[in-house]
Structures are given as C-alpha cells and as structure tokens.
Amino acid sequence: MPPARTVGPAQPVQPMVARSPPTGSMIPTGQSRTAVAASSSSSRRVSPIYPKDHHIRKTRISPVKTACSRSMSLERKVYKIVLTGGPCGGKTTAQVRLATFFENLGWKVFTVPETATILLGGRVKFSELDAEQSYIFQRDLLATMHQIENTFFNQASAIKDRNVLIICDRGCMDPSAYSSQEDWQRMLRDLKFEEFDLRCSRYDQIAHLVTAADGAEKYYTLANNATRSEGINHALELDKRTRSVWIGHPYMDIIDNKNTSNFDDKVNKLIQVVCDRTGIRSGDRLAKDSKKRKWLISSVDWNNFGKFEEFEIEHFYLLSDESNIQHRFRRRTQNNRSTYTLTSREYFKESGDSIETRMNVLSRDYNTYANMRDKSRASIFKKRRCFMFGNMYFNMDIYKDPLPPQANGNHLIFLETYTTVPKGTPLPDGAMPPFLTIEKEITGESQYSMYSLSKYSKTANKNDFAGADKYKDD
C-alpha cells in the first residue's frame, strides 16, 4: 500500500453527480428476448417462468416446464455494481483488480470512470463557484454521469456471447452526499429523476469501500488523485455521508479495513462479496471473514430509532421439480414504487456447496410468478428497516399480518448484519443499537428462516429444498 504522507486541513466539499431511472431492456431495440433465445438454440424455447417480453438483465434458455428446474440455469448476465466510499478507500485500484478477476473468468468487463474526477481535472475549481454556479455544476455533473453510464449499459446490452460486468466508479446517489437537501431535490426535479430509482433500481449491488482514514490511517494519502484535497477528519465525514445515501439499496456491502493486514485483503473482501452476489463459486481462492449474524428482538424504542429507510417486503417460493433447486420471488416497495427480484439457488450435494443468483423482473410479471407459487408455503410479509449504527449496516425485519404459519401468531422482529465477530461472541462495546432489546441470538437456527416459517404444517412437498440448511439465516 502507498506510504503515509502529511495531509493538510479539510477543504471545501468536492462536487459529485447522479442520474435517471433505468433505460429499459438490456436486449437491444428491435430484437425480442424470444429471438435471442432462438438464436442460441432453435430446438429450445424460453422457459415459461420468464414471460415472453420479460425485462431481464440475464437471458435464460431452457425447455418448457410447469415448474422451476435446474435447466433454468442462466446463460448470460449483465451485472452492474457501484464502487463508492470516502476518499482513499481504494476504489480505483479495486476497480482494476475486480475487472481483472472477472476477465480471467471469461466475462466482458466495462469500467465506468469517476465523472467528478474527469470534470475537476479540467481545471474546474469548486471553491471558486458561488452557490448558483455550484448547483449548475452539480446538476450538469449528474446528467453527464448518467449519460456516461448509459453508454456503457448500451454497449453491454449489445454483447450476446458472454456475461458482462459493469463497474461504476461511484453511482448516481453519491451526488446527494455532496449537496444540500434543497439542492438535491431541485436537481431531481430539474432532471426529472426519481430517488427511488436511483437508489434501488439502477444497480445490482453497491460496494462501499471505507476510507483508509478509518482504521488504516497510515495508508491514507492524497498522492494517487490529483483532484483530492481532503484531510483525515474531512475524509471521515465524507465517508459517512456517501455511505448513508445508499441506505435502502437491497444489496449493499461495506468493505471496511478491519481484519486486513494489507490492501490485498481488502480487495479480496470486495471480490468475494461480488462473487457471492453473482453466484460464482470461488472455492478457497478468496478468504471471507464476514458472516451474517441474526438476533431476535423483544422490544424497540421507536422514538429513538434514528435515520432509516423502510420498505414493504413480500416473499414467496416457487414450485420446483428438483430438490436441489430453490426459487424465491420478492416484491420490495417504498412510497408506492416497487422493485421485483427472482432469487435462484442451486445446491451441490457432493461438495455441500451452493450458488445463488438474482435478477430483476418487471411488475407485469408478478401475476405469472404468483401462479407458480409453492402452495405448501405461505407468502411472507414484513417491513424492513435499513439503517447504519456506527460503522455497521443493519436490516431489521418486522413480520406483518398475515403472519407466517410457523410464527405461531407472534409478530417477530429480527435484526441482522454481517460481521467478522464470530457467532456467540458479543459485538464490540457500542456496536449494538441501544434502542433495541435483544432477546437472544438466532444465527444458524433454522426454525427462524423464512423457508421454515412459511411452511404449512399439514402439507407436504417431496421436493423441499435440499440445501435449506445453507440458508438458515434468511
């Protein structure tokens, strides 16, 4: 890692940028998804689980079946990830390393450059701008970032023969961390953008690389970015801001500096979480210390909860004709706007491993999937609160009526987070939110998984998922 160097006092906040709702299908205009499938194999048809005009990031080819099966394996993906974080978090280097790793697996990789660095490198001095000039620059920066990203998204949609990874150096919610709330709302109105879409719909995953100023101070440097001018205290504040604006994204991972002896360890953390999200079995090539932990909450001090994003969640499982395959549908709603996700899992009995992949679907496909429900299991309804406490990102799930069959009439509340602190070991002092009363830890207790809670006691399904024990903490 680079050597430490003395840094000056905190400087004015540098500008950032944001952007618009998704642009539509990743299949180019003029070519239907059915045509794409047919071009791969004239003897195969698109599986009915993916409706004919389905808006998908992944093209799926499989025989017609009345239930989900292993033959539904993905043949092509376009996966969009944002690398964000405070100054000197390692985004630039991590982007290169992540790209190289996936290129070595045969993926096509696009790396979207940081728009702010490009424009500030053109001799724009943010400190010289008055309030209105600053707003105009931020607004135009947002529009520029959006268009640059769309250029790469369009290129990805034209690739038919392999998986595509798009790595964005910052994303379109980051500018809100560098603007007043008033300016941010004005920007959204001027550009006709929706915050929900910017945060929840545009990207598949957010990886926040914590600044070296937090936990790796000796490596904090300004040397590798000519437009950077933040001192350590200012860097910590910017790291906190950029992290908070992404709260609520369904797949946000925080890559911190804990339990890392060098930058390679931090990069390996990043690569591992991307492998996990994309369903790549990395074996022992990458070390992963962070594990999910889960607690049963007995009471909540609602009046002192702090900042959070809240979503209405619905889950249901789909029929499967193979016991090593599980499919789960999720609807996630905030302010009457919803995103829809299909999660697929495959369990390998010989090795005990499993892989998980996710893809976004459209609202019009909801009824199609609902007709393929596993009727031996109930739908799960809950509120999810996403929040930060200290350096930790938490989800709190509050189960709603109609309650799942195995909840025994109880409105269960679960808290979960990812941490390197082992199961059964208390989190560091001050790490657990004081406004929550913990009844007990339930990490690894299968009776508290969604799959178990959803089961009707008097129904049987010969194809119950064989890999359920791998997902006890769902």
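## The largest cavity

In this predicted model, the largest cavity is lined by 13 residues, and those that lie nearest its centre are Leu318, Ser320, Asp374, Tyr451 and Asn463. The space inside the largest cavity comes to about 80 Å³, and the structure has 3 cavities of 30 Å³ or more. Rolling a probe the size of a water molecule over the atoms is what shows where empty space of this kind is left.

What kinds of residue make up the lining of the largest cavity? The lining divides into 5 nonpolar, 5 polar and 3 charged residues. Strand β8, which covers residues 325–334, contributes the largest share of this lining, with 3 residues.

## The largest nonpolar core

In soluble globular proteins, nonpolar side chains tend to be buried together. Here the largest nonpolar core has 36 residues, and the ones with the most contacts inside it are Val164, Ile166, Cys168, Leu198, Tyr203 and Trp246. Several helices and strands each supply at least two residues of this core, including the strands β1 (78–85), β3 (164–169) and β11 (380–389), together with the helices α5 (181–191) and α6 (195–201). Helix α4 gives the most to this core, with 5 residues.

From which domains does this core draw at least three residues each? They are domain 1 (78–278) and domain 2 (291–470).

## Cysteines

A disulfide is a covalent bond between the sulfur atoms of two cysteines. A search of the whole structure finds 0 disulfides. Cysteine 200 is accordingly in no disulfide, and the nearest cysteine sulfur, which belongs to cysteine 386, is 8.4 Å away, whereas a disulfide would need the two sulfur atoms to be within 2.5 Å.

Is cysteine 200 buried or exposed? Cysteine 200 has a relative accessible area of 4% and is therefore buried, because buried means under 20%. Cysteine 275 is also buried, with a relative accessible area of 0%.

## Backbone features in two loops

The loop between β8 and β9 (337–348) holds asparagine 335, and asparagine 336 lies in the loop between β8 and β9 as well. Asparagine 335 has a positive phi of about 55° although it is not a glycine, and asparagine 336, likewise not a glycine, has a positive phi of about 65°. Asparagine 335 is exposed, with a relative accessible area of 68%, and asparagine 336 counts as exposed at 79% relative accessibility.

Another feature of the backbone is the peptide bond from aspartate 401 to proline 402, which is cis, with omega near -5°. Proline 402 is found in the loop between β12 (392–399) and β13 (413–419).

Notes:
Residues are numbered from 1 along each chain as its sequence is written. This is a predicted model: local features need pLDDT of at least 70, side-chain atom pairs count only at pLDDT 80 or more; totals for chains, interfaces and linings use all residues. Side-chain values use heavy atoms; hydrogens and water are left out. On a 1 Å grid over the protein atoms alone, a cavity is a set of points where a 1.4 Å probe fits but cannot get out, and a pocket is an open set with protein on both sides within 12 Å along at least five of seven lines; lining residues have an atom within 4 Å of a point. Grid points are joined across faces, edges and corners, and a volume is the space filled by probe spheres set on the points. Helices (H or I, at least four residues) and strands (E, at least two) are DSSP runs, numbered from the N terminus. Ala, Val, Leu, Ile, Met, Phe, Trp, Tyr, Cys and Pro count as nonpolar, Asp, Glu, Lys and Arg as charged, and the others, Gly among them, as polar. Buried means under 20% relative accessible area, exposed over 50%, partly exposed in between (1.4 Å probe, protein chains only). A nonpolar core is a set of buried Ala, Val, Leu, Ile, Met, Phe, Trp, Tyr and Cys residues joined through side-chain atoms within 4.5 Å. Domain bounds come from an automatic or database domain assignment.
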